[in-house]
Amino acid sequence: MMTHSPLSPLLSLCAFLSGLVLSMTPAISQPVYSERVMSLLRQMSLEEKAGQLNLQAGHDPDVDLQSRAPISSPLVEQAIREGKVGGVLNIAGAGNTRQLQLVATTQSRLKIPLLIGLDVVHGFRTIFPVPIGQAASFNLDLIGAAERVAAIEATASGINWTFAPVLDMARDPRWGRMVETAGESPWYTAAIARTRVQSLQGLHLSDPSSMLACAKHFVGNGATEGGREYTGANLSFRSMRDNELPPFEAAIGAGIGCIMPAFNAVDGVPGIVNKRMLSDVLRKELQFTGLVVTDHGAIAELPFHGVADNLVDASLAALTSGVDMDMASMGFGPFLPDAVRSGALNGDLLDQAVLRVLSVKERLGLLDDPFARHDQRREQMLLGHPDHLLLARQFAEESLVLLKNDHALLPFKRSARSIALIGPFGADQDHLMGPWEAAGIHRDVVSLREGMTRILPHITIRTVTTGYEDKADPKALAQAVAAARASDLIVLALGEKAMDSGEASSRANPGLPGQQLALLKAVARLGKPFAVVVIAGRPMIEPALYARSTAVVQAWFPGSQGGEAIARLLFGLSEPVGRLPVSIVRSIGQIPLTHDKRSTGRPSPGPPEAWASGYIDEATTPLYPFGYGLAYTQFNYSAPMIINADEADARTYRIKVTVKNTGERAGTTLVQLYTHQRLATIAQPEKQLRGFTRLYLNPGEQADAIISLNRDDLSYWSTDTNRQAAQGWIDLMTGPNAADTKTTALFVR
Ligand code: BGC
């Protein structure tokens with residue numbers, strides 16, 4: 001059960017009084033900096049100021065990070081000594097990071113400690129499911145617990161800053177970074193944003209187990225055209241407010257200390273020079289006082305966008321648009337001092353950025369004890385702690401989504417004597433962690449085969465690893481078919497390699513790469529039932545996969561304990577509780593197609609229909625809707641009932657749904673609430689997720705789910721500046737997924 005208020009209390013009050021919220025554009029709020037920070041600033045030369053704004057690699061270019069040997073980086077150390085570095089990234093280990101911190105705090109003139117950043121996106125040593133898999137759990141407690149573990153492990157290894165959470169909206173499976181997101185619902189992404197920020201930053205940022213979080217990529221990064229990485233997006237400012245901004249607002253409300261603008265241009269304006277977003281919205285309207293850091297090398301990309309002539313102009317444009325820190329372009333350090341001296345840059349702007357960097361360092365406790373996060377004994381004790389691994393396995397179990405289960409093939413009987421495990425990922429330890437593996441260790445990953453052995457030590461597993469090749473391998477194919485023929489059970493572990501998903505891995509055809517479909521079809525021709533486990537950072541748009549398989553489990557990249565989690569699900573030691581945080585389209589031509597698409601003047605809910613919104617050669621519905629996922633049992637849902645005494649004036653509505661387990665096994669269902677305002681000045685989404693709660697029911701058992709709906713969640717942006725409060729009839733729809741709902745109506749005065 002969740003509530004979400006995208007409005008500040010003041011704006012909510014306005015909404016309550018007038019029914020119409022006028023957005024206000026106050027001045028940038030000027031935080032009061034401590035005397036310690038101000039005194040540091042006063043002592044700094046222009047070069048030292050610019051140095052604080054430089055975030056660069058924490059290792060020399062020739063260092064082999066894969067070797068995990070202690071790192072020695074004389075060039076980086078020299079730059080730190082000279083006061084040219086405010087923070088480093090892509091280095092970890094209490095020892096390595098301690099050495100750099102030591103140079104900064106004992107050998108540089110002003111002894112200012114370093115920010116030490118890394119992409120800790122879904123775990124550090126213990127790797128949890130990728131964010132899209134985490135979102136599939138619809139379990140905010142688990143998401144929070146995993147982020148806490150990630151923070152505990154990363155900070156034990158010297159990290160004080162993570163470039164996470166990713167708050168981009170993902171509406172296109174061609175876009176590889178869907179894997180890093182929470183899917184297509186802004187409301188749900190906002191709820192997750194709040195949870196992640198609180199868990200990563202902890203109660204106090206100065207706690208040695210807390211790290212600075214950095215919400216990214218501000219904003220509209222997931223709306224990239226055609227799903228092409230780094231490509232521009234065209235979004236109206238109003239729809240930006242409705243769809244892309246809410247997660248960032250939620251993160252700021254939860255106290256996030258850092259924001260990273262997007263690489264890509266929205267309406268032609270790259271994220272780091274988007275003054276309207278960085279200044280008017282972020283600083284003035286949302287009153288964000290933290291740090292703004294560019295994405296990796298983003299300043300150096302401005303000339304390629306064609307909006308700056310060279311690195312000098314690009315650096316000035318970024319700083320004056322609202323960026324504080326330069327990640328890896330090496331533009332601020334060398335060029336800003338001269339720009340101030342020549343009058344091209346107002347020195348106050350430089351000071352503002354430096355103050356933000358110093359202030360974040362102070363909030364992290366670095367000015368008091370720079371070595372609190374560099375304790376090798378603590379690091380050894382905490383990384384990959386058994387409690388963390390157990391949490392990772394439980395989380396992986398909850399991230400799995402059962403998409404198809406004909407003839408109740410799953411769960412498999414544990415009395416089976418043999419199983420064929422076919423495909424690229426049956427014995428794989430290299431890809432289950434997904435594209436951001438931080439300090440994860442491949443050889444420690446529990447493969448699916450190992451997971452099966454752990455729970456059924458005596459079962460014969462016939463593993464055939466094949467399918468990812470570009471060209472058919474007839475011998476391997478024959479082996480796979482023979483293994484399938486000879487075994488009691490058949491599992492195909494198919495999908496994408498970790499680096500075929502994630503950043504810079506957009507795919508025009510996000511189906512099964514290589515020979516995997518041929519492999520599936522060859523096994524299918526045997527006529528025996530078989531289950532497919534899909535390891536991937538996005539849903540596979542591959543109609544035959546769903547049509548030909550008997551059962552399909554969407555496993556995402558389930559993390560370092562993923563293999564055991566999948567095995568437990570397949571053999572009924574756990575039950576499928578994950579649900580889809582994205583719609584799965586039938587064909588690429590349908591993209592984008594989400595549960596919250598807007599109403600049209602020619603609706604066509606049914607099969608392909610001429611003269612209606614849709615296609616003449618394809619359905620208008622997804623193959624699997626948002627929120628979808630089967631259980632090992634069945635449920636019957638009542639229609640929703642509003643149980644408030646005075647519904648028209650309530651601030652929070654309570655909606656009751658009665659659910660009965662009509663199957664033969666105990667199981668969990670995710671009761672979902674969607675809303676739709678019937679009459680508005682802007683065509684409204686047909687459905688928007690607004691709440692959910694889980695019910696665990698024994699066979700034959702019936703219970704009530706109560707979901708709260710926050711009235712503020714019903715408001716929408718009617719123009720760029722007006723937030724319109726809910727009014728009139730609102731459809732409340734509840735059910736087990738976005739396409740299977742029952743409706744009641746609510747009247748809001
Ligand atoms: C990505 C960011 C990431 C940064 C640092 C960039 O390429 O877009 O999300 O934080 O690299 O690794």
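**Ground rules**

I am working with a predicted model, in which local features need pLDDT of at least 70 and side-chain atom pairs count only at pLDDT 80 or more, while totals for chains, interfaces and linings use all residues. Residues are numbered from 1 along each chain as its sequence is written, and side-chain values use heavy atoms, with hydrogens and water left out.

**Entry 1: the largest pocket**

I looked for empty space first, since rolling a probe the size of a water molecule over the atoms shows where it is left. The search runs on a 1 Å grid over the protein atoms alone: a cavity is a set of points where a 1.4 Å probe fits but cannot get out, a pocket is an open set with protein on both sides within 12 Å along at least five of seven lines, and lining residues have an atom within 4 Å of a point. Grid points are joined across faces, edges and corners, and a volume is the space filled by probe spheres set on the points.

I noted a volume of about 1200 Å³ for the largest pocket. Its lining has 48 residues, and those closest to the centre are Leu 65, Arg 68, Leu 118, Ala 438 and Ala 439. By type, I recorded 22 nonpolar, 14 polar and twelve charged residues in this lining, where Ala, Val, Leu, Ile, Met, Phe, Trp, Tyr, Cys and Pro count as nonpolar, Asp, Glu, Lys and Arg as charged, and the others, Gly among them, as polar. Helix and strand names follow DSSP runs numbered from the N terminus (helices H or I, at least four residues; strands E, at least two). At least two lining residues come from each of α5 (94-107), β6 (212-218) and α16 (376-382), and α5 gives the most, with three.

**Entry 2: the largest cavity**

I found eight cavities of 30 Å³ or more, the largest with a volume of about 300 Å³. Of the 26 residues that line the largest cavity, Asp 242, Gln 688, Arg 690, Asp 713 and Ser 715 lie nearest its centre. Its lining divides into nine nonpolar, ten polar and seven charged residues.

**Entry 3: the two domains**

I took the bounds from an automatic or database domain assignment, which gives domain 1 (386-590) and domain 2 (635-748). Six residues of domain 1 and nine residues of domain 2 take part in the contact, meaning heavy atoms within 4.5 Å. The centres, taken over C-alpha atoms, are 34 Å apart.

I counted one salt bridge between the domains, a salt bridge being a side-chain nitrogen of Lys or Arg within 4 Å of a carboxyl oxygen of Asp or Glu. Glu 398 and Arg 694 meet in a salt bridge through their side chains, at 2.7 Å from N to O.

Over the whole structure I found 35 salt bridges. In one of them, Arg 36 pairs with Asp 368, with the closest N and O atoms 2.8 Å apart. Arg 36 lies in helix α2 (residues 35-43) and Asp 368 in the loop between α15 (347-363) and α16, so the pair ties together parts that are 332 residues apart in sequence.

**Entry 4: backbone exceptions**

Most residues other than glycine have a negative phi, and most peptide bonds are trans. I noted a cis peptide bond from Lys 216 to His 217, with omega near 0 degrees, and His 217 is in strand β6. Ala 408 has a positive phi of about 45 degrees although it is not a glycine, and I placed Ala 408 in the loop between β12 (401-405) and β13 (418-422).
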